[in-house]
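Here is a friendly walk through one protein chain. Take a look at the sequence and the model, then read on.

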Amino acid sequence: AYVLAVDEVAPDHLRASLEMGGFLGIGCLWYWIDRTRNLSDWDYPSWQQRVTLEAWRFDSNEFPINFFAHPFSGAAWYAFARSNRIGPLGSLGYSFGTSFLWEYLLEFREKVSINDVLTTPFGGLPIGEFLFKLGRHLDATTAPRSPWQDILRWTVGFPVAAHRALDEAPPSSHGRAFADLGFSYGLVHTRTRTRS
């Protein structure tokens, strides 16, 4: 029997949508459980203000939250969409849509944060694409795998490993994205020429 390679199977938009809904559900649960920290951000804008963009602003969260935590959330959403065989642009759309729904609907007691809506998906795009390709590389490694490869495959490459296991699919024929990856180091001494 002919078995389709993972790259030949149609994108799974239903599973990607359910996963994004799951992320939003978990985030919503955290949002309401951790009320003491989130309470300070609640400014209770009206729905009319949200629709007319009157309640849109740049938030004042700390730098690590805005430019570290949010992009990594966007990277997770992006990598899960990519692991459902959705292309880069479509995966960016899933990440953007999830970020927008989070800001606009789930955080309805806050003004909509412009920087969160933008930094989450667009900051997550390069991180998510790297993690997706790294996951495919680790998953395409043939046996025998070292225990470290399996740990990495199921941690940093979790979306790829999990979806391939769920689909009972063979490794991607294009998975060895970093086959020629190598690391090197060296020292360089430079001297700047001064003008006399």
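## Ground rules

When two helices are compared here, their axes are lines fitted to C-alpha atoms, for helices over the stretch in contact, and angles run from 0 to 180 degrees between N-to-C directions. Helices (H or I, at least four residues) and strands (E, at least two) are DSSP runs, numbered from the N terminus.

This is a predicted model, in which local features need pLDDT of at least 70 and side-chain atom pairs count only at pLDDT 80 or more, while totals for chains, interfaces and linings use all residues. Residues are numbered from 1 along each chain as its sequence is written, and side-chain values use heavy atoms, with hydrogens and water left out.

## The chain at a glance

You'll find eight helices and two strands in the chain. Starting at the N terminus, the order is α-α-α-β-α-α-β-α-α-α.

Of the 196 residues, 38% count as buried; buried means under 20% relative accessible area, exposed over 50%, and partly exposed in between (1.4 Å probe, protein chains only). Contact means heavy atoms within 4.5 Å. Take the contacts between residues at least 6 apart in sequence: 74% of them join residues at least 24 apart.

## Where α4 meets α5

How do α4 and α5 pack? They meet at an angle of about 135°, with their axes 8 Å apart. That makes them oblique to each other, the label for angles left over once under 35 degrees is called roughly parallel, over 145 roughly antiparallel and 65 to 115 roughly perpendicular. On the α4 side, the contact is made by Gly74, Trp77, Tyr78, Ala81 and Arg82, and on the α5 side by Pro88, Ser91, Leu92, Tyr94, Ser95, Thr98 and Ser99.

Both helices have the length you'd expect, taking the expected span as 1.5 Å times one less than the number of residues. The 21 residues of α4 should span 30 Å, and its end C-alpha atoms are 29 Å apart, which agrees. For α5, the 19 residues should span 27 Å, and the ends are 26 Å apart, which agrees too.

Buried residues of α4 include His70, Gly74, Trp77, Tyr78 and Phe80. The buried residues of α4 pack against α1, α5, α6 and α8.

In α5, the buried residues include Ser91, Leu92, Tyr94, Trp102 and Tyr104. Their cover includes α1, α3, β1, α4, β2 and α6.

## The nonpolar core

Which residues make up the largest nonpolar core? There are seven: Ala16, Met20, Trp77, Phe80, Ala81, Ile86 and Tyr94. α4 gives the most to this core, with three residues. A nonpolar core is a set of buried Ala, Val, Leu, Ile, Met, Phe, Trp, Tyr and Cys residues joined through side-chain atoms within 4.5 Å.

Leaving aside neighbours within four places in sequence, Phe80 is in contact with Glu19, Met20, Phe23, Phe158, Pro159 and His163.

Is Asn66 buried or exposed? Asn66, found in helix α4, is buried because its relative accessible area is 3%. Beyond neighbours within four places in sequence, Asn66 is in contact with Asp59, Asn61, Pro71, Asn115, Asp116 and Thr119.

Arg57 sits in strand β1 and, at 22% relative accessibility, counts as partly exposed. Arg57 and Val112 are 55 residues apart in sequence and 6.3 Å apart in space, C-alpha to C-alpha.
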